[in-house]
Amino acid sequence: MGKMRAAVITSSDSGYAGEREDKSGPLIREILEANGYEVVHSILLPDERELLAKEMARIADEGLAELVLTTGGTGFSPRDCMPEATMDVAERTVPGIPEAIRAYSMTITPRAMLSRAAAGIRKSTLIINLPGSPKAVRESLEYILPALSHGLEILTGQASDCARR
């Protein structure tokens, strides 16, 4: 399999305003690169549904990356809109990935049930919302990465269905 390309989108008003350092975005890049992904794009945006949706759609529509990982904007704050932005652009939903992350995270903290993270597919790009905190990003991403490569190979046509000859 060729190197899968990934993009990272951080959603943070305070990060965008320069009031807070984005630690989660760079951590996602680090983990992806350590696992053989090529991070071709990363961006920090404010918690604006339209901006976030536009950026995800652009990456998918221009075929820039097979995987888009987002961090931030999945909580209960009135400004948190990452799952909505993701669903605005997704052509197909992938509920199993955020369900798996929540189930695994629940073994670490009951607060994991408060995550509204979503995942979906647009064209040949898989978009997954990760939590905002670096600790939760590491736990979630390291948990899902082993299964992701198979899904991405199927999505991009690099692997055929296991049952077919």
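**Sheet architecture and surface features of the predicted model**

Strands β1 and β3 run parallel and are joined by five bridges. In this predicted model, Thr10 stands opposite Thr71 of β3. Strand β1 also pairs with β2, again in the parallel sense, over seven bridges, and here Val8 lies opposite Ser42 of β2. Strand β1 is mostly covered, with six of its seven residues buried.

These pairings belong to an open sheet of six strands in the order β2-β1-β3-β6-β5-β4, in which the pairing is mixed. The edges are formed by β2 (38–45) and β4 (92–93), each of which pairs on one side only. Helix α2, spanning residues 24–34, packs on this sheet and touches β1 (5–11), β2, β3 and β6. The direction of α2 makes about 145° with that of β3. Helix α6 (residues 134–155) likewise packs on the sheet, where its contacts are with β3, β4, β5 and β6. The angle between the directions of α6 and β6 is about 170°.

Strand β6 was considered next. Strands of a sheet pair through backbone hydrogen bonds, either parallel or antiparallel. With β3 (residues 67–71), β6 pairs in the parallel sense over five bridges; within this pairing, Leu69 has Ile128 of β6 as its bridge partner. With β5, by contrast, β6 runs antiparallel, and four bridges join the two strands. Gly120 stands opposite Ile127 in β6, and Ile121 is placed opposite Leu126 of β6. Strands β5 and β6 form a hairpin with two residues between them. Lys123, in the turn of this hairpin, has a positive phi of about 55°.

The burial of β6 was examined residue by residue. Six of the six residues in this strand (residues 125–130) are buried, and β6 is accordingly described as mostly covered. In a regular strand the side chains alternate between the two faces of the sheet. Both faces of β6 are covered: on one side Thr125, Ile127 and Asn129 are buried, and on the other Leu126, Ile128 and Leu130 are buried as well.

Ser105 is located in helix α5. Because its relative accessible area is 10%, below the 20% limit, Ser105 counts as buried. When residues up to four places away in sequence are not counted, Ser105 touches Ala112 and Ser140. Met113, on the other hand, is found in the loop between α5 (96–106) and β5 (119–122). The relative accessibility of Met113 is 55%, over the 50% cut-off, and Met113 therefore counts as exposed.

Met113 is also part of a nonpolar patch on the surface, together with Phe76, Met106 and Leu114. The accessible area of these four residues together is about 430 Å².

Notes:
Residues numbered from 1 in each chain as written. Predicted model: local features only at pLDDT ≥ 70, side-chain atom pairs only at ≥ 80, totals over all residues. Heavy atoms only, no water. Patch = residues over 30% accessible without salt bridge, like charges linked within 9 Å, V, L, I, M, F, W, Y side chains within 5 Å. Areas by Shrake-Rupley, 256 points an atom, 1.4 Å probe, with all protein chains shown as cover. Salt bridge = Lys/Arg side-chain N within 4 Å of Asp/Glu carboxyl O. Buried < 20%, exposed > 50% of the residue type's maximum accessible area, 1.4 Å probe, protein only. Pairing = 2+ DSSP bridges. Contact = heavy atoms within 4.5 Å. Axes fitted to C-alpha atoms, helices over the stretch in contact; angles between N-to-C directions.
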